[in-house]
Protein chains: 4
Amino acid sequence: MTKIRALVWGENVHERTNEVVAGIYPDGMHACIAEALNASDRISAGTATLQEDEHGLTVERLAETDVLLWWGHCAHGEVSDEIVERVATAVHGGMGLIALHSAHFSKIFKRLMGTPCNLKWREAGERERLWVTAPRHPIVRGLPDHFELASEEMYGEPFGIPEPLETVLIGWFQGGEVFRSGVTYRRGVGNVFYFQPGHETYPTYHDENVRQVLRNAVEWAHNPAARIADPDAAPNVPVEEAPEKIEARGPRLHGEGEAGYR
Amino acid sequence: MTKIRALVWGENVHERTNEVVAGIYPDGMHACIAEALNASDRISAGTATLQEDEHGLTVERLAETDVLLWWGHCAHGEVSDEIVERVATAVHGGMGLIALHSAHFSKIFKRLMGTPCNLKWREAGERERLWVTAPRHPIVRGLPDHFELASEEMYGEPFGIPEPLETVLIGWFQGGEVFRSGVTYRRGVGNVFYFQPGHETYPTYHDENVRQVLRNAVEWAHNPAARIADPDAAPNVPVEEAPEKIEARGPRLHGEGEAGYR
Amino acid sequence: MTKIRALVWGENVHERTNEVVAGIYPDGMHACIAEALNASDRISAGTATLQEDEHGLTVERLAETDVLLWWGHCAHGEVSDEIVERVATAVHGGMGLIALHSAHFSKIFKRLMGTPCNLKWREAGERERLWVTAPRHPIVRGLPDHFELASEEMYGEPFGIPEPLETVLIGWFQGGEVFRSGVTYRRGVGNVFYFQPGHETYPTYHDENVRQVLRNAVEWAHNPAARIADPDAAPNVPVEEAPEKIEARGPRLHGEGEAGYR
Amino acid sequence: MTKIRALVWGENVHERTNEVVAGIYPDGMHACIAEALNASDRISAGTATLQEDEHGLTVERLAETDVLLWWGHCAHGEVSDEIVERVATAVHGGMGLIALHSAHFSKIFKRLMGTPCNLKWREAGERERLWVTAPRHPIVRGLPDHFELASEEMYGEPFGIPEPLETVLIGWFQGGEVFRSGVTYRRGVGNVFYFQPGHETYPTYHDENVRQVLRNAVEWAHNPAARIADPDAAPNVPVEEAPEKIEARGPRLHGEGEAGYR
């Protein structure tokens, strides 16, 4: 069986500059997440980081990626706009994308949502309990109807996202807030999942339920159909090739064979 | 009664450079559309064009606009990115937006959708028939269950948009294609409507059914609630202000009162 | 201005048989809810109860109702199936419906959703906090971004509903659960809103925020367009009346003018 | 590999009473559809018909069915209400359902949608062209961006369905109408797909593209997770078992361990 090719992109800053984060994720958060994915025999996961050439997201690398996972926080602004467009095009053509935690404010997630993607927040190590709102959804396969994280950053509503295709998980926070913690979208022909847990100062990506969600989400986001080569194409259909026989009439802006305006 | 303040933005290029377009819309397409809106005693519509300073879309002007209508085609690329962001922020804060015809490829519509917004097209003056798929929806109030346009540009599926909140109209084309011709979205707290008819070489905006849709859409898109001043805000909720009493614990990235990362 | 004609349907059992409920709602819950609605000068609300002839929901009464609110709990099974179909038809034709609290298990709500509409529950007088997830939505107009009820019955996810058109409110419960407390649907051409608070042993319908939601929801659910007389009609379009000229060909099941199968 | 267990339910009336239909489908439409499914090595399809005991849909049979396909037309009214509820419960628990053509008016489809499911129709043997509106969706895997049927019954908008989760296919008809020909839903935890082609006097289910859609739809609708045994359960969560420690307070309707009202 061909494995799903996942790529975990990590900002990889706090792991190197903050002792707490380095203690929890000595090889980087991306490595920990990739390890969680590789525990499945249906997934083959690698990593890429901000610091690599082209942030590790070359055209070739993306072409070989079925599902991209994205974790970023303090360095959203350092991600090149050109790379963001490249990733957006890959998603539009069929690559899956899983945006993790503080990636709600990543350029790529905002680019794909078209909305502010803002929220309330509080860093207090409080308890979170995630409730499944779409039982038997592929993303929560094998999970109980809720699970807890002893400490998470509070992310609270209103969350500035478009109405989701499906709301899969909702989070309850000890301090009194709620959050749509797992939501799905389709952008172009690519599947997109946002998953809220994952603050870097807590061991969230070591949690077995979280790891199961990540593996499930990769399988859900994977589209086995061939990637669309040019997802922005807006083809002209000449009169002679119209499905029904018609004759052109009236004035025209465009000469024969001219491209449309963009 | 306070009227809804509509603003019709027109690219205003072909009206001045193409005889056919100038003949149909001697004062510009934007003027014709504004006239259609002003036929309602609940709407007060003005115009703005690409050629004006800041494309006529100053901060002040947008602050006084309840619903913006956008028609552009050959000059999408000339619209300033800064103005596009300004309009997006206004929509996120509650301004309605109605994207017309070739505005499917406008920067602002693509910015708000997050998808390619591409389609098939053919300029052959063929007949289109628009079918209402959401009867009694405010946008089709007073309209028959279908209406025809003798000549329209064919726009054909697949249309590269997110799954709509509601599909209100679907177009049938003489040459054999179909198109989701009227679709709704919410972006931030602003209402967005895309409406397909309106090729500049045909008298579409003189059609009474089209004009009725435009008036209805302005009323639908108008949100009477106060505009959100900073729709991108991501407020911190300090521990002391948490709705439930909690005590902070564990390590923290952020010092007291520090802003979040963006 | 013509007022919106609301009708509050109450099961009206516990108000007469349980001292606690009678103490909070001496004139019945329906009367309290109607009073809340009549505080708006745009709404004129009456009441109907299970015990009346045809449960107070005659054909004539429904024809004069723009929005029906439904509260029921212990007597769901006593509601006549014929009346349920009558109400469903009214909704399909354009009447708004607001299902309150335990009406999640009412015949009419289940009839319109097509799903189990089940949930978790606990009657412990715990605190609930409702969070707005769709700011500036008409249903939350004038409300803060969250509000509290000192005591409510816990209703918890998973809630067996179809994916909502919009999720407007999510509830946080002291005991650790969450719930999609305000969700919208369209059924036929009628607008449907489910709103979770309202357990009969607590003074929920005396709460000013709850009353504001109810008034807003009535305005949102009201469709000013004329009611569809026969929302189940499946009209034949004879060949001669096809929008495009075609000639009939091939075998047929139906004779000229015959009705379709049902 | 375990195959997906599909069950094709056929009304099986016109095949035995109408010469044209019998000529096209000598073994019944259900047999032809099952044959199309069995052409996949990932599907194992059987059949059931109206005339069998319990319409061939015993509790045991449904328990062994992953995806049920439903074709009915002239005998919708002969299907037992009890069996309809049984099927609805199976869908709510996770069985997939594919409603075919005139099954838009079947009891089970109306039961699951909660809407009239009505439409326009014309039996004239006209040409239909189905356009993919959700490219790379699993249901259209391997299909071109449109395909034609030389003769189909016209089904026209407005189609009285809830807003779909996804609109996958839209049909263009020679006589001038359009139709949402392929739409998805989730009901309970079961996946539901409606697919419009399939009038019994035309050889639609012999068409290779249609057969591919059916196979794809079976794979899409199949939920490999275990069926929910009691999809209507509404469990009480006693105070002692609340996820967060709380103390019961205030009046109660229900005694300890009492079931909720239905």
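In the predicted model, chain D and chain C meet through 67 residues from chain D and 67 residues from chain C. About 5200 Å² is buried between the two chains. Carbon and sulfur atoms give 58% of that area. On the side of chain D, the residues that lose the most area to chain C are D:Trp121, D:Arg249 and D:Leu253. Together these three residues account for 14% of what that side buries.

Polar contacts join chain D and chain C in 30 residue pairs, with both residues at pLDDT 80 or more.

Several elements of chain D supply at least two residues each to the side that touches chain C. Among them are one helix, α6 (107-113), and the strands β5 (120-132), β6 (146-156) and β8 (178-187). The largest share comes from β5(D), with 8 residues. By class, the side of chain D that touches chain C has 29 nonpolar residues. A further 20 are polar and 18 are charged.

The record, an unreviewed entry, places the feature "domain: ThuA-like" at residues 5-221 of chain A. Over this stretch chain A is 27% helix and 33% strand. The end C-alpha atoms of residues 5-221 lie 11 Å apart.

Terms used
Residues numbered from 1 in each chain as written. Chains lettered and ligands numbered in written order. Predicted model: local features only at pLDDT ≥ 70, side-chain atom pairs only at ≥ 80, totals over all residues. Heavy atoms only, no water. Contact = heavy atoms within 4.5 Å. Buried area = accessible area lost by both parts, 1.4 Å probe. Polar contact = N/O pair within 3.5 Å; in protein donor to acceptor, adjacent residues only side chain to side chain. Helix = DSSP H or I, 4+ residues; strand = E, 2+ residues; numbered from the N terminus. Nonpolar A, V, L, I, M, F, W, Y, C, P; charged D, E, K, R; others polar. UniProt positions renumbered as here; feature names shortened; annotations may be inferred.
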